[in-house]
Amino acid sequence: MPNFNWNDSINLISKLSIKKSWNGIQVLSSFYLSRWLNRPIQWGYPVSISFEPTTSCNLRCPECPSGLRAFSRPIGMLEKNFFTRTIDEIHQELIYLIFYFQGEPYLNPDFLEMVKYASDKGIYTATSTNAHYLTDEAAKKTIESGLDRLIISIDGTTQDVYKQYRIGGNIDKVLEGAKNIVKWKKALNSKTPFVFFQFLVVKHNEHQIEEIKKIAKEIGVDEVRFKTAQVYDYQTDPNNLIPSIDKYSRYKKNLDGSYSAKNKLANRCWKMQHANVITWDGLVVPCCFDKDATHQLGNLKLQSFKEVWKNENYKQFRSELMKSRKNIDICANCSEGVSVWQE
């Protein structure tokens, strides 16, 4: 069964206001009404948004466009002025803000200042990091920024296993970064951020599942979550990543040795209803599976966020999704319902 952390949940609830709650009710109601009427209806504005601090990364993970340096879109850094202007427009409806899409957030020199800006606006803030830049100083500033959730990606307990996926990474730096965060949480008597190890389960590290739990407990992180890996060419799995433990796989093995996705791709999507992603240069895309921003629904350099949310591009995409989601390329690898296990 998934763990339930009361401190983290109470912290998230504390971010609610009457306006945010009413917006959330509208979003949820329109989701179920859309299913009942079998046509797209969108009330309210997103309750959760992902903002991309940068597309740059220090690692070269084999199933990551940033790691592979395989983007067709430009590499760059989110500008603080653009970020604050967008947050000023939507903070009254927004509950949850994820500082991550592609890249390593801590490479953006203004990252923690932007976290503090959003936190001061009463928004629950979260990020995901490979933890190579969580120096003692950066850890202290992270606590002081008001960050609510810190996801540390750690896909192995030994260097020889860790480096097979996190190419160019150093497991000792990751563990040191986690220890720095825990140390400063205690020193500053802070309940935030809620810290968890995210372990991407692949074939070469699945034997270390129990070991990562022990390490997390020794360091004092709050939780361990095991995530299923997205494999682009999952039918043949050329990098031999799909694990043998079925519950940690997004794919099922067929009789001929090939793989197929477990998700049946019903013609609905909760994420499309309540969330979206903003790239570092202001493009609005449906979700985190559109890594190369091929489905651009708007540009915040040309329109306001609320204009984009209601524009014709969005209406058309929502309509297409409810008619035939399986024909939308970014949905093919969706982890809906099978993505994360908490232990």
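T84 lies in helix α4, residues 80–90. Helices (H or I, at least four residues) and strands (E, at least two) are DSSP runs here, numbered from the N terminus. This is a predicted model, where local features need pLDDT of at least 70, side-chain atom pairs count only at pLDDT 80 or more, and totals for chains, interfaces and linings use all residues. Residues are numbered from 1 along each chain as its sequence is written, and side-chain values use heavy atoms, with hydrogens and water left out.

Back to T84: with a relative accessible area of 16%, T84 is buried. Buried means under 20% relative accessible area, exposed over 50%, and partly exposed in between (1.4 Å probe, protein chains only). A polar atom of the T84 side chain sits 3.0 Å from the backbone oxygen of N81. That is a polar contact, a pair of N or O atoms within 3.5 Å; within protein, one must be able to donate a hydrogen and the other to accept it, and residues adjacent in sequence count only if both atoms are side-chain atoms.

Now to α8. This helix has 17 residues and reaches 24 Å from its first C-alpha to its last, close to the 24 Å expected at 1.5 Å a residue (the expected span is 1.5 Å times one less than the number of residues). At its start, a side-chain oxygen of N170 comes to within 2.8 Å of the backbone nitrogen of D172. Just after α8, N189 takes a positive phi of about 50 degrees.

The buried residues of α8 include I171, V174, L175, I181 and W184. The buried set packs against α6 (136–145), β4 (149–153), α7 (159–165), β5 (194–201) and α9 (209–219). Contact, throughout, means heavy atoms within 4.5 Å.

N180 is worth a look of its own. This asparagine is found in α8 (residues 171–187) and counts as buried at 11% relative accessibility. Its side chain reaches the backbone oxygen of L134 at 2.9 Å. Not counting residues up to four places away in sequence, N180 touches L134, T135, D136 and A139.

On to how the helices cross. Two packed helices are described by the angle between their axes and the distance between the axes. The axes are lines fitted to C-alpha atoms, for helices over the stretch in contact, and angles run from 0 to 180 degrees between N-to-C directions.

| Pair | Axes come within | Crossing angle |
|---|---|---|
| α5 (residues 111–120) and α6 | 9 Å | roughly 15 degrees |
| α6 and α8 | 8 Å | roughly 50 degrees |

That makes α5 roughly parallel to α6, while α6 is oblique to α8. Angles under 35 degrees count as roughly parallel, over 145 as roughly antiparallel, 65 to 115 as roughly perpendicular and the rest as oblique. For α5 and α6, the contact is made by L112, V115, K116 and S119 of α5 with A138, K141, T142, E144 and S145 of α6. Between α6 and α8, D136, A139, K140, T142 and I143 of α6 meet N180, I181, K183, W184 and K185 of α8.

Finally, β5. V195 lies in this strand and is buried, at 1% relative accessibility. Leaving aside neighbours within four places in sequence, V195 is in contact with L150, I152, I181, K185, V221, D222 and E223. The C-alpha atoms of V195 and I152 are separated by 7.4 Å, with the two residues 43 apart along the chain.
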